[in-house]
Amino acid sequence: MENFEVVIVGGGLGGLACGVMLSKEGMKVCVLEQHSQIGGCLQSFYRRGRVLDTGMHYVGSLQPGQILHQYFKYFGVIDRLRLQQLNPEAYDIIVAANGSRYCYANGEERFAARLIEYFPEEKAGIRKYCNLLKKVGNLISPEVLRSGHISNGGLEYMNVSACDVINSCTQNETLRNVLAGTVSLHSGDRERTSFYEHGMIMYSYMESAYRFKDGSQHVADALADEIRKYGGEVRLNAKVTGVEIKNSRVREIRINGHEPVSAKYVISDIHPAGMLDLLEGEKVLRPAYCRHIHSLPNSYGCFTTHILMKPGKTPYANSNYYFHNRPDAWSSQGDYKGCNIPVILLSMQPPKEGVYADAVSLLTPMFPQIFGAWSDTEIGKRGEAYEALKKQYAGAMMDCVSRLFPEIEAQTEAVYTSTPLTYRDYTSTQNGSAYGIVKDCRNALLSRIPVRMKIENLYFTGQNMNVHGCLGVCASAAVTCSALLGEEYLVKKIGNA
């Protein structure tokens, strides 16, 4: 039986980030990925020679001196990232249901100034909102890392809803919905989404916003290369099918039903409920705890329409567009052309050369029950009714964005779609959930999973721990690895990289 110091179950961003941190410290690390491709939501794929991204359509805080840049610098991959900075004057454009457009600009002062141009009478409320975003964003700044901490608190922001905070800043309903214009595409829930979660994500993009050129897969590949450089392993097609517990510790991990490996420490980058289902042998965890983990609700998924554009027809738009079909930005319901489409994110893949886009992605939130009739089926075997429903959604989404891009259908060469079931099958998320376990500000502690449990050498990481997204997962990985290495020791190295 092969022995490692650390075995990491799951090769998404969280697992790869942990693998880099621990292998840099001389630990013998092995990352186990059940699919033939690493990366989770960083995965890219090709259709007709065009690259398309699974889930990481843009990221924030990647300029020198900003927090995500600091993490990737420490990982040793910052110089290998191929980046396209979005328009600093309009990285996100909120398109209201009535057709009005509002731009988000980079930098706290410019962000506020652009909104004040639209709402001059709301200057005080806009600046209050921006100041609150800054307070939340600075809780995990590089300066905080250099002081020996991953985060500088923030519980008070975890216990209040983002909707309530926005409403406290202004009585103007239009402005309220503009400030919440992107929430549906980062798991926005009027009652449950905390201002901590909203603030971290919004402030990160406010600092700077980038797309990955040539697909986000190269980020995962660069992290895997770093693990191997320090002597670690990244194994593909290595599905963990059992985890044996003895004397309150993981004794053995079984791969593909038969191959055993052992490790001093085990880190799970898969959904906590999925890891609990793998445990065998000694019963260490209380049944009530297991029921609690399984009962935690997961966020909705996404339906994505990937459009390949005819060459030389569609000028590349260096902004994201959020098309709203209802005046209420928090609504998860929006009957458009017979489909539940409350909002659509339009994001273009940066062209390899020239000024024309060759691929456009449209994303809308989707609850798993819409495609629930096919939940027990496999990719490629879901039948004509499934394909017809996908085609209906894709057509409705293209019709919606034609408000600003009237030639999009005529410029389309081919259309590919993915449902929450597609995400489930390729990224192993529960029911295709896009953002993992819902973090509920009404009971923040109960809806967050601690890194450690009563199994002494088993640790959790990934988007289910705290904030989802690229930044949230990197910070969660640092929390996990700090439990093995010591927080002050590790994060000062990250902060001073």
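Modeller: Buried means under 20% relative accessible area, exposed means over 50%, and partly exposed lies in between (1.4 Å probe, protein chains only). The model is predicted: local features need pLDDT of at least 70, side-chain atom pairs count only at pLDDT 80 or more, and totals for chains, interfaces and linings use all residues. Residues are numbered from 1 along each chain as its sequence is written, and side-chain values use heavy atoms, leaving out hydrogens and water.

Start with the whole chain. Of its 497 residues, 60% are buried. Its secondary structure comes to 16 helices and 22 strands. These are DSSP runs numbered from the N terminus: H or I, at least four residues, for helices; E, at least two, for strands. Along the principal axes, the C-alpha atoms fill a box of roughly 60 × 55 × 45 Å. Now take the contacts (heavy atoms within 4.5 Å). Count those between residues at least 6 apart in sequence: 73% of them join residues at least 24 apart.

Asp214 counts as partly exposed, at 26% relative accessibility.

Is Ala224 buried or exposed? Ala224 is buried, with a relative accessible area of 1%. What is Ala224 in contact with, apart from its neighbours within four places in sequence? The partners are Leu16, Ile38 and Val234. Along the chain, Ala224 and Gly19 are 205 residues apart, but 8.2 Å separates their C-alpha atoms.

Next comes Asp225. Asp225 forms a salt bridge with Arg228, with the closest N and O atoms 3.6 Å apart. A salt bridge is a side-chain nitrogen of Lys or Arg within 4 Å of a carboxyl oxygen of Asp or Glu. An α-helix has 3.6 residues a turn, so residues three or four places apart point the same way. Both ends of this pair are in the middle class of accessibility. Asp225 is partly exposed at 39%, and Arg228 is partly exposed at 41%.

A search of the whole structure finds 31 salt bridges. One of them joins Arg50 and Glu413, with the closest N and O atoms 2.5 Å apart. This pair links distant parts of the chain. Arg50 is in strand E4 (residues 50-53), while Glu413 is in strand E21 (residues 412-418), 363 residues away. Arg50 is buried, with a relative accessible area of 11%. Glu413 is partly exposed, at 32%.

Glu244 and Arg251 make another salt bridge, and their closest N and O atoms are 3.2 Å apart. Glu244 is partly exposed at 25% relative accessibility, and Arg251 is partly exposed at 40%. Salt bridges with shared partners join Glu2, Glu233, Arg235 and Glu259 into one network.

Go back to strand E21 for a moment. Thr417 is found in it. Leaving aside neighbours within four places in sequence, Thr417 is in contact with Phe303, Thr304, Thr305, Lys390 and Ala394. Ser361 lies 56 residues from Thr417 along the chain, and their C-alpha atoms are separated by 9.5 Å.

Finish with another loop. Ser61 sits between strand E5 (59-60) and helix H2 (67-75). Its phi is positive, about 55°, although Ser61 is not a glycine. Ser61 is buried, with a relative accessible area of 1%.
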